[in-house]
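Subject: Structure handover

Hello,

Here is the structure I said I would pass on. My notes on what was found in it follow below.

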Amino acid sequence: MEDSTVLVVEDDEAIRFGVELRLRAMGYLVHSANDGKDAIRKAETLLPSLICMDVRMPLLDGITALHWMKSHPQLKGTPVIIASARPTDERVAMSAGARYFLLKPYGAEVFEAAVTQVLRPSLHFNRYRACGL
């Protein structure tokens with residue numbers, strides 16, 4: 001996989017572990033951060049191909065971190081999947097530049113489809129087209 005680095009930003013250890021496990025099973029190299037400040041620092045260093053980020057976190061929330069990343073020249077094109085338990089966060093996240101919004105709790109299949117749609121849109125489209133959908 002040519003673009004294989006994903007940064008997972010989640011303060012809940014159990015959720016972060018599950019997301020990391022799923023991404024590794026999909027063949028991605030995974031790094032993680034516990035809050036928005038750590039996410040910014042790691043994103044600047046790693047320049048990941050995707051960032052999966054929670055909204056509600058200590059020190060710096062996901063929306064504020066997303067705004068910062070979208071203003072950073074090297075990160076502004078990096079796709080970000082935002083996850084939140086609050087449906088009202090969707091509009092704010094998408095307006096801030098998120099590529100995809102996941103409403104918590106979400107299943108593994110929904111998460112995998114979101115990652116595929118963001119990183120491999122033609123693969124995602126062809127997979128469903130082949131099924132007649």
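Leu66 has a relative accessible area of 0%, so it counts as buried. Please keep in mind throughout that this is a predicted model.

Leu66 sits in helix 3. Setting aside neighbours within four places in sequence, Leu66 is in contact with Met53, Val80, Ile82, Ala93, Ala96, Gly97 and Ala98. Ile81 is 15 residues away from Leu66 in sequence, and their C-alpha atoms are 9.9 Å apart in space.

Overall fold

The protein chain has six helices and five strands. Along the sequence they follow the pattern β-α-β-α-β-α-β-α-β-α-α. Of the 133 residues in the protein chain, 44% are buried. Among contacts in the protein chain with a separation of 6 or more, 57% are between residues 24 or more positions apart.

The five strands form an open sheet in the order 2-1-3-4-5, and the pairing is parallel. Strand 2 (29–33) and strand 5 (100–103) are the edge strands, each pairing on one side only. On average, and with direction ignored, neighbouring strands of this sheet are turned by 20 degrees against each other.

Helix 3 (residues 62–71) packs on this sheet, where it touches strand 3 and strand 4. The direction of helix 3 makes about 155 degrees with that of strand 3. Helix 5 (residues 108–119) also packs on the sheet and touches strand 3, strand 4 and strand 5. Its direction makes about 175 degrees with that of strand 5.

Strand 3 and its partners

What does strand 3 pair with? Strand 1 (residues 5–9) pairs with strand 3 in the parallel sense over four bridges, and the bridge partner of Leu7 in strand 3 is Ile51. Four bridges also join strand 3 (residues 50–54) to strand 4 (residues 80–84), again in parallel. In strand 4, Ile51 has Val80 as its bridge partner, while Cys52 stands opposite Ile81. Between strand 3 and strand 4 the chain passes through helix 3, and this β-α-β crossover is right-handed.

Five of the five residues of strand 3 are buried, so the strand is largely enclosed by the rest of the structure. The cover is on both faces: Leu50, Cys52 and Asp54 are buried on one side, and Ile51 and Met53 on the other.

Empty space

Rolling a probe the size of a water molecule over the atoms shows where empty space is left.

The structure holds one cavity of 30 Å³ or more. The largest cavity contains about 90 Å³ of space. It is lined by 15 residues, of which Val19, Cys52, Met53, Ala83 and Tyr106 are the closest to its centre. Strand 1, helix 1 (13–25), strand 3 and strand 4 each supply at least two residues of this lining.

The largest pocket has a volume of about 160 Å³. Its lining includes Ala14, Ile15, Gly18, Val19 and Arg22, along with Lys104, Pro105, Tyr106, Gly107, Ala108 and Phe111. Helix 1 and helix 5 are the elements that give two or more residues to the lining of this pocket. Helix 1 gives the most, with five residues.

Backbone points to check

Lys104 and Pro105 are joined by a cis peptide bond, with omega at about -5 degrees.

Which residues other than glycine have a positive phi? Leu47 has phi near 50 degrees, and Leu59 has phi near 70 degrees. Leu47 lies in the loop between helix 2 (36–46) and strand 3, and Leu59 lies in the loop between strand 3 and helix 3. Leu47 is partly exposed, with a relative accessible area of 39%. The cut-off for exposed is over 50%, so Leu59, at 67% relative accessibility, counts as exposed.

Regards

Conventions. Residues numbered from 1 in each chain as written. Predicted model: local features only at pLDDT ≥ 70, side-chain atom pairs only at ≥ 80, totals over all residues. Heavy atoms only, no water. Pairing = 2+ DSSP bridges. Axes fitted to C-alpha atoms, helices over the stretch in contact; angles between N-to-C directions. Contact = heavy atoms within 4.5 Å. Buried < 20%, exposed > 50% of the residue type's maximum accessible area, 1.4 Å probe, protein only. Right-handed = clockwise from strand over helix to strand, strands pointing away. 1 Å grid on protein atoms, 1.4 Å probe; cavity = no way out; pocket = protein on both sides within 12 Å on 5 of 7 lines; lining within 4 Å. Points joined across faces, edges and corners; volume = space filled by probe spheres on them.
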